[in-house]
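Please view the sequence and the structure first; the account follows.

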Amino acid sequence: LCGELKMQVPFPFSLLCLQVIKCKAAVLWEANKPFSIEEVEVAPPKEHEVRIKIMATGICRSDDHVINGTVVMPFPIILGHEAAGVVESVGQGVTSVKPGDKVIPLFIPQCGECKNCLNTKGNLCSKTDLGTSAGLMPDGTTRFTCKGKPIHHFLGTSTFTEYTVVHETAVAKIDSAAPLEKVCLIGCGFSTGYGAALQTAKVEPGSTCAVFGLGGVGLSVVMGCKAAGASRIIAVDINKDKFAKAKELGATDCINPKDCSKPIHEVLMEMTGGGVDYSFEVIGRTDTMIAALACSQYNYGVSVIVGVPPAAQNITFDPMLLFTGRNWKGSVFGGWKSKDAVPKLVADFMKKKFVLDPLITHTLPWTKINEGFDLLRTGK
């Protein structure tokens, strides 16, 4: 029996699985404070879990929402959810990946068993930590320890660390030739925006679109609208420095609401002769969510909320905006079923069906993570 076991699981690998890894991580001890680079202990993966060496991670506005309290999570915590890496070890029962595989962690898992996973219309797996604010692995415990204290996970991924542990349902194997410093964006920002246009709204050829917010996700919406064949894509942002990039990626018009004498929805209604076919709110503000809805065509327009809504805020709006036929939708991770879609999106990138380079404005060593967030907050 021991001889058979040694042949199936090489001895050095079985030892590796049992080791705690000490590494560096960016720990957020409390809200509205900078990240602290700390030595953390990363426990071995348990059954159906995967330990990943993170090679590249993006900064997303959703991470900043936790820092400033817009999204409520428990502290201390290791944030980050847009990344790519290499499998270091796997727990018992893992079959979809093996050590050495290039992978992307999935903040929206795909268990393949829950009602949403089984339904062709849904992608928000019931196993997700999104909205629960638990900050723990599915078994209710953490794999991170720092200075003797347990550290919370973020969205089941926690990528602001040299090593992380995720559940097998929250990791996708990708092309071994993929450049991890680019395809990490497929872990959140690009897929979220691109899919909002193609999957959630189902933008049609010849249609008109308006995109509120030109960060990485908003620019990805612009790319999705262009890929779908939209004839007019109106980009809306109060930072005019983002207009050149938006036009490079497909925007036909760019508008700064600060330059308008009328509310932006009225300006867009006039520009399009009654409203756009599709509008996208990619900021996470209630006022722009209403403006995006109001600028869509009154009878058949579709407006999609892509930006993360602020906690403890409600929307008050005129119900006539919906009564006449407008369709208001939400989109998480672009509507993609993550484990199925991410490898295909990476394959499409490798086939040059879309570009990612324009979405990357800065490349920093991850120990300068606080400088990275400063660049995000200043619109750079």
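Helices (H or I, at least four residues) and strands (E, at least two) are DSSP runs, numbered from the N terminus. With that numbering, His48 is placed in the loop between β2 (36–42) and β3 (49–57). The phi of His48 is near 65 degrees, a positive value in a residue other than glycine.

The model is predicted. Its mean pLDDT is 93, and 95% of the residues reach 70 or more. Over residues 1–17, however, the pLDDT is below 50, and this stretch has 10 contacts in the model beyond near neighbours in sequence. Where pLDDT is low, the predicted coordinates should not be read in detail.

A further backbone feature is the cis peptide bond that joins Phe75 and Pro76, with omega about -10 degrees. Pro76 belongs to the loop between α3 (61–67) and β4 (83–90). Most residues other than glycine have a negative phi, and most peptide bonds are trans.

The next topic is a pair of helices. The axes of α6 (residues 189–201) and α7 (residues 216–228) come within 7 Å and cross at roughly 40 degrees. That angle makes α6 oblique to α7. The crossing of the two helices is right-handed. The residues that make the contact are listed by helix below.

| Helix | Residues in the contact |
|---|---|
| α6 | Gly189, Phe190, Thr192, Gly193, Tyr194, Ala196, Ala197, Leu198 |
| α7 | Val217, Ser220, Val221, Met223, Gly224, Cys225, Ala227, Ala228 |

Of the residues in the contact of α6 with α7, 11 are nonpolar, five are polar and none is charged.

The structure also holds nine aromatic pairs. One of them, formed by Phe107 and Phe333, is edge-to-face, at 5.5 Å centre to centre with 85 degrees between the planes. This pair links distant parts of the chain, 226 residues apart: Phe107 is in the loop between β5 (102–105) and α4 (115–118), and Phe333 is in the loop between β15 (327–330) and α12 (338–350).

Terms used: Residues numbered from 1 in each chain as written. Predicted model: local features only at pLDDT ≥ 70, side-chain atom pairs only at ≥ 80, totals over all residues. Heavy atoms only, no water. Axes fitted to C-alpha atoms, helices over the stretch in contact; angles between N-to-C directions. Parallel < 35°, antiparallel > 145°, perpendicular 65-115°, else oblique. Left-handed = near helix turned anticlockwise from the far one by under 90°. Contact = heavy atoms within 4.5 Å. Nonpolar A, V, L, I, M, F, W, Y, C, P; charged D, E, K, R; others polar. pLDDT = per-residue confidence, 0-100. Phe/Tyr/Trp six-rings, centres within 6.5 Å; stacked < 30°, edge-to-face > 60°.
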